[in-house]
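Here are some notes for a colleague who is meeting this structure for the first time. They are meant to be read beside the sequence and the model.

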Amino acid sequence: MDIFISNTSGKPIYEQIAAQIKDKILTGQLKEEELLPSIRLLAKDLRISVITTKRAYEELERAGFIATVAGKGSYVAPQNPQLMREEHLRRVEKHLSNAIEEARTGGIPQEEVYNILNLLYQENE
């Protein structure tokens, strides 16, 4: 599994790992019930502490994205459609908030932002 750690991101390493695994689940790169690398193997591959990797897996498990079976490992959890929708909505809101801030900074009126959004949405249908 390709996970990239940035020492300059400002985010803790465990958050970077959890975010990348969550993204792979949301985009379908990791499928339901797919076995994840063991905590020790992932830590070794990334050259980080086992504790850091364990914390990332714990975060993902708490959020409902993975499940751990003692002695067998961690798997991608069966996905709750409502959880997936909420996560996608959260991401859309984040991107739209950034776009709105950019529009405000550039003096672009709300009506024009709506028009751009509608155009882009229709263009990709």
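Which exposed residues does the face of α3 turned away from its buried side carry?

1. They are Ile-51 and Arg-62, which sit on the face of α3 turned away from the buried side of that helix. Please bear in mind while reading that this is a predicted model.

2. The buried residues of α3 are Thr-53, Ala-56, Tyr-57 and Leu-60. Viewed down the axis of α3, these buried residues fall within an arc of 95 degrees, and they therefore line one face of the helix.

3. After the helix comes Gly-64, whose phi is positive, near 90 degrees.

4. The largest nonpolar core has 20 residues, of which Ile-17, Ile-21, Ile-25, Phe-65 and Ile-66 touch the most other members. Each of α1, α2 and α3 supplies at least two residues of this core, and α1 gives the most, with six residues. In soluble globular proteins, nonpolar side chains tend to be buried together.

5. Ile-25 deserves a separate look: leaving aside its neighbours within four places in sequence, Ile-25 is in contact with Leu-30, Phe-65, Ile-66, Val-76, Gln-79 and Met-84. Two of these partners, Phe-65 and Ile-66, are also named among the core residues that touch the most other members.

6. Turning to the strands, β1 and β2 run antiparallel and are joined by four bridges, and Val-69 stands opposite Gly-73 in β2. The two strands form a hairpin with three residues between them, and Gly-71 in the turn has a positive phi of about 80 degrees.

Terms used:
Residues are numbered from 1 along each chain as its sequence is written. This is a predicted model: local features need pLDDT of at least 70, side-chain atom pairs count only at pLDDT 80 or more; totals for chains, interfaces and linings use all residues. Side-chain values use heavy atoms; hydrogens and water are left out. Buried means under 20% relative accessible area, exposed over 50%, partly exposed in between (1.4 Å probe, protein chains only). The arc is that of the directions from the helix axis to the C-beta atoms. A nonpolar core is a set of buried Ala, Val, Leu, Ile, Met, Phe, Trp, Tyr and Cys residues joined through side-chain atoms within 4.5 Å. Contact means heavy atoms within 4.5 Å. Two strands pair if DSSP finds at least two bridges between them.
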